[in-house]
Amino acid sequence: KEEKKKRNLTMPTFPALKNDLLLRAARGEQVERTPVWAMRQAGRYLPEFRESRKKGDFFTLCRTPELACEVTLQPLERFELDAAIIFSDILVVPQALGMTVEMLEAKGPHFPTPLNTPEDLQKLNPAVDVDAALGYVFDAITLTRQRLDGRVPLIGFCGGPWTLMAYMIEGGGSKFFSKAKVCGRNGSTAHIKFPLFFWFEFRDGCTPILKNHCNFST
């Protein structure tokens, strides 16, 4: 029986970083100016991004390393920024766990079959093969680092457990997250295990943890 091919975990070689302003600021070092970058740096405000969207829907862009790299680099061609932000989404993790997630125009993320009962937890994949389910993230990051040629650092990101759980239970965005809060308080979600993995396989970068809904967790 042929053994499954595993990802090469050897650190790729990347060009030396030419602009480390953001990293120095993140370490609390003295910097000559405030580093500039923006949340949702690649997006619909860019005509070139709208052209890229014609090649596939939102998650197709996320899952296609060449396209994810393309849109990640677009803002840097227009603005003098001190970082690039990898084009992806925190909800690729629930997808890896086996849930269907759609990105609806003018509405945002949508789970056709959210977690409605404790029994629904049995539908989640308890042992995610990160290479198989999320390898495209690593590939997009490696390709983008190569194309950046050391110009600026690359920022990755991930969703905090409560934020991911809230989406998985509510089925999308919510104003009060009442369903998620009830499940959290009665312990229904205590055994959800989120795959922990590095969103970047390089040293010159940083990874904010997005905890958008932590204010609803009490």
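**A walk through the predicted chain**

Q41 counts as buried because its relative accessibility is 5%, where buried means under 20% relative accessible area, exposed over 50% and partly exposed in between (1.4 Å probe, protein chains only). The model is a predicted one, in which local features need pLDDT of at least 70 and side-chain atom pairs count only at pLDDT 80 or more, while totals for chains, interfaces and linings use all residues. Residues are numbered from 1 along each chain as its sequence is written, and side-chain values use heavy atoms, with hydrogens and water left out.

Q41 sits in the loop between α1 and α2; helices (H or I, at least four residues) and strands (E, at least two) are DSSP runs, numbered from the N terminus. Its side chain reaches the backbone oxygen of A83 at 2.9 Å. Leaving out residues up to four places away in sequence, Q41 touches L46, P75, L76, L81, A83, A84 and I85, a contact being heavy atoms within 4.5 Å.

R24 belongs to helix α1 and, at 17% relative accessibility, is also classed as buried. Apart from neighbours within four places in sequence, R24 is in contact with E29, Q30, V31 and E32. P35 is 11 residues from R24 in sequence, and their C-alpha atoms are 9.4 Å apart.

The aromatic rings come next. A pair of aromatic rings is described by the distance of the centres and the angle of the planes. Here, rings of Phe, Tyr and Trp (its six-membered ring) pair if their centres lie within 6.5 Å; planes under 30 degrees apart count as stacked, over 60 as edge-to-face and the rest as tilted. Searching the whole structure gives four aromatic pairs. One of them, Y45 with F79, is stacked, at 6.4 Å centre to centre and 25 degrees between the planes. This pair links distant parts of the chain, 34 residues apart: Y45 is in the loop between α1 (21-26) and α2 (47-53), and F79 in the loop between α4 (65-78) and β1 (84-85). Y45 is partly exposed, with a relative accessible area of 44%, and F79 is partly exposed at 39%. The pair of F58 and F59 is edge-to-face, with 5.2 Å between centres and 85 degrees between planes. Both F58 and F59 are buried. Ring pairs join F49, F58, F59 and F87 into a cluster.

At least two lining residues come from each of α2, β2 (102-104) and β3 (108-110).

Helix α7 (residues 161-170) has nine of its 10 residues buried, so it is largely enclosed by the rest of the structure. Just after α7, G171 has a positive phi of about 85 degrees.

Overall, the chain has eight helices and seven strands, and buried residues make up 47% of its 218 residues.

Technical notes
Polar contact = N/O pair within 3.5 Å; in protein donor to acceptor, adjacent residues only side chain to side chain.
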